[in-house]
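Subject: Structure handover

Hello,

Here is the structure I promised to pass on. Please open it first, then read the notes below.

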Amino acid sequence: YSVNQLYEIKYIRKENIEGYLVNLKVDSSQIQTIHINSCKFNELLAHPYFDFHDTKLLMNYRDKYGKFISLSDFKKAGPLPDSFLQKVKYYIDFDE
């Protein structure tokens, strides 16, 4: 969703990123979202923002309580920080 996500990659030096930003553009229409209410554990885990712990929390909650309606439902699954929710909101689809 943003070229500034490059700053999250620990193997790219920050001074190199400045040079990359000039030549990069994000086409948000090309973002592939995850269908959170029907995805498999490994599909969610494959996304770089979801670690094993986050994935397990969300999948266990969905199995026990049913579909997620909105991002605020993620907080019911367990301790997920607001910063995490802000990052993943571009990649989650709540429709089937």
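The protein has 5 helices and 2 strands. Please keep in mind that this is a predicted model. From the N terminus, the order of elements is α-β-α-α-α-α-β.

Some overall figures. The protein has 96 residues, and 33% of them count as buried.

Next, the charged pairs. Side chains of opposite charge can pair when their charged atoms come close. The count here comes to 2 salt bridges.

One joins Asp-73 and Lys-76 through their side chains, with 3.1 Å from N to O. That is within the 4 Å limit, so the pair counts as a salt bridge. Where do the two sit relative to each other in helix 4? They are 3 residues apart in that helix, which spans residues 72–77, so about one helical turn separates them.

Are Asp-73 and Lys-76 buried or exposed? The two partners fall on opposite sides of the cut-offs. Asp-73 has a relative accessibility of 9%. Buried means under 20%, so Asp-73 counts as buried. Lys-76 has a relative accessible area of 56%. Exposed means over 50%, so Lys-76 is exposed.

The other salt bridge links Lys-75 and Asp-82. Their closest N and O atoms are 2.8 Å apart. Lys-75 is at 42% relative accessibility. Asp-82 has a relative accessible area of 47%.

Asp-73 lies in helix 4. Besides the salt bridge with Lys-76, the side chain of Asp-73 has a polar atom 2.6 Å from the backbone nitrogen of Ile-69. What does Asp-73 touch once its neighbours within four places in sequence are left aside? The contacts are Tyr-61, Lys-67 and Phe-68.

To view these sites, start with the side chain of Asp-73 and the backbone nitrogen of Ile-69. Then turn to Lys-75 and Asp-82 for the other salt bridge.

Best wishes

How values were computed:
Residues numbered from 1 in each chain as written. Predicted model: local features only at pLDDT ≥ 70, side-chain atom pairs only at ≥ 80, totals over all residues. Heavy atoms only, no water. Helix = DSSP H or I, 4+ residues; strand = E, 2+ residues; numbered from the N terminus. Buried < 20%, exposed > 50% of the residue type's maximum accessible area, 1.4 Å probe, protein only. Polar contact = N/O pair within 3.5 Å; in protein donor to acceptor, adjacent residues only side chain to side chain. Contact = heavy atoms within 4.5 Å.
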